Amino acid sequence: MADSNRLDLLVSLCKRRGFVFPSSEIYGGLNAVYDFGPLGVRLRRRIRDLWWREVVELRDDVEGLEAAILMNPRVWEASGHLANFSDPMVDCLGECHQRWRADQLSGDRCPNCGGELSPARQFNLMFKTHMGPVEDAGSVVYLRPETAQGIFVNFKNVLNSSRQRVPFGIAQIGRSFRNEITTGNFIFRLRELEMLELEWFCSPGDDASWFEYWCERRMAWHRAIGLSSDSLRFRPHGDDEKAHYALASTDIEYRFPWGWGELEGIARRGDYDLRRHQEMSGKDLQYTDPSTGSRFLPFVVEPSLGVDRTFLALLLDAYREEEVRGETRVVLGLDPRVAPFEVAVLPLSKRPELMEVARRVEADLRSSFATEYDETQAIGRRYRRQDEIGTPLAVTIDFETLEDQAATVRRRDSMDQVRVSLSQLREVCATELGR
Ligand code: ATP
């Protein structure tokens with residue numbers, strides 16, 4: 001399958017099956033903003049939960065935080081975002097007047113019409129709005145372009161209210177907004193996105209080794225949720241592309257159909273943010289080591305991931321088409337841990353006695369697994385739907401079930417079918433799903 005084709009096929013599957021819809025579609029949409037439908041919501045929850053479990057719940061040295069999207073605008077002055085969170089923008093002066101990000105162009109002409117380009121100027125990516133009834137300079141507030149600053153300004157609050165000592169981390173999941181100059185590639189570059197961020201606070205001399213540690217941990221996580229190893233790589237940043245706060249950074253990249261692209265950024269931020277907030281706020285943000293009494297501003301290592309790009313990478317990675325008895329079968333080979341549904345329960349036909357058993361079986365499995373009950377259409381089409389939305393197991397209740405109290409379990413990937421007694425169904429499903 002051609003790679004460009006792959007994205008188009010996925011976009012259409014996402015719409016057809018209810019993963020992703022263009023925002024306000026009946027009004028023609030809104031550029032680089034998307035809504036997530038019933039299956040999309042399930043997949044996003046899985047991504048967030050798997051990240052939260054790994055980064056917060058399975059550790060005793062990370063605390064959670066939910067800071068507001070709106071913050072005192074001085075935060076963005078201190079963090080450097082007002083001055084530096086910008087991309088160089090050029091306009092086509094030829095026929096098409098299209099806008100481009102100068103650092104993403106290879107030549108000095110418009111890639112669309114070949115026209116001349118304007119000199120580059122810096123365009124700040126933060127969305128601005130006003131707070132309160134008066135729209136003047138004093139009422140400007142910004143929609144946060146990252147969640148990290150909410151963590152830095154709460155560093156002392158979390159430190160003083162928890163039992164943590166350096167090294168420790170604060171994690172946050174939340175929406176961010178970036179007025180991106182160029183968009184495209186479906187949900188890869190959005191103007192409203194969701195981030196999963198960890199700020200790891202450590203002693204100044206230790207940040208290089210913690211950086212290595214988090215690079216390894218984060219890469220292992222991407223593999224564990226099912227992304228194929230040969231489509232993942234580290235790409236260390238050169239000196240010319242590091243963000244304004246970074247001592248060093250590395251991207252974890254995924255091989256998207258249009259080429260390698262950033263999935264997660266891992267940065268050594270030094271004490272840049274805490275130092276700037278200490279200066280601007282006049283508040284002491286230093287940490288006191290309880291054993292030595294020494295006072296210092298911790299250094300920070302930050303792994304920062306997008307829910308949306310993880311979502312897209314998982315779907316692209318899982319998408320495949322197979323020939324089965326002269327027909328094309330579309331399968332999302334998602335890992336059971338991220339699949340929207342784990343088990344589908346299907347009565348073979350709409351006979352009331354089959355539907356009744358199937359509903360009972362589904363109700364019973366629902367407390368242990370993400371299940372879907374489906375009685376519509378012919379059984380072949382229902383299997384096709386479950387393959388297409390990545391459900392690893394389908395349990396079919398047929399006429400024999402009424403006799404033998406057993407059902408057929410069909411595996412998505414191999415299409416093998418095994419007969420399982422109803423009393424063993426829960427156990428067999430758990431084993432099949434790797435629980
Ligand atoms: P890029 O170089 O692609 O513009 P960035 O380096 O500005 O991205 P970071 O600030 O490192 O991105 O953001 C951390 C993570 O947040 C990214 O790895 C990505 O997963 C996600 N992300 C950032 N910007 C967007 C966006 N516009 N749409 C979707 N996800 C995004």
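**Exercise 1. Find which residue of E5 stands opposite Met 89.**

Step 1: Look across from Met 89, and you land on Arg 101 in E5. A quick note before going on: this is a predicted model, where local features need pLDDT of at least 70, side-chain atom pairs count only at pLDDT 80 or more, and totals for chains, interfaces and linings use all residues. Residues are numbered from 1 along each chain as its sequence is written, and side-chain values use heavy atoms, with hydrogens and water left out.

Step 2: Zoom out to the strands. Strand E4 covers residues 86-91, and three bridges tie E4 to E5, the two running antiparallel. Strands here are DSSP runs (E, at least two residues), numbered from the N terminus, and two of them pair if DSSP finds at least two bridges between them.

Step 3: Now the whole sheet. It's open, has three strands in the order E5-E4-E6, and its pairing is antiparallel. Strand E5 (99-101) and strand E6 (121-124) are the edges, each pairing on one side only. From one strand to the next, the twist averages 45°; the axes are lines fitted to C-alpha atoms, and angles run from 0 to 180 degrees between N-to-C directions.

**Exercise 2. Work out what surrounds the ligand.**

Step 1: Count the neighbours. There are 15 residues around the ligand, and the closest are Glu 180, Arg 189, Leu 190, Glu 262 and Leu 263. To count as near, a residue needs a heavy atom within 4 Å.

Step 2: Check polar contacts (pairs of N or O atoms within 3.5 Å). An oxygen atom of the ligand sits 2.7 Å from a side-chain N or O atom of Glu 262. For Arg 309, a polar side-chain atom is 3.4 Å from a ligand oxygen atom. A ligand nitrogen atom is 3.3 Å from a polar backbone atom of Phe 188.

Step 3: See which strand gives most to the shell. That's E13, with four residues, the largest share.

**Exercise 3. Find the bridge partner of Ala 394 in E22.**

Step 1: Ala 394 is partnered by Arg 410.

Step 2: Strand E21 (residues 393-397) and strand E22 (residues 406-411) are joined by four bridges and run antiparallel.

Notes: A polar contact is a pair of N or O atoms within 3.5 Å; within protein, one must be able to donate a hydrogen and the other to accept it, and residues adjacent in sequence count only if both atoms are side-chain atoms.
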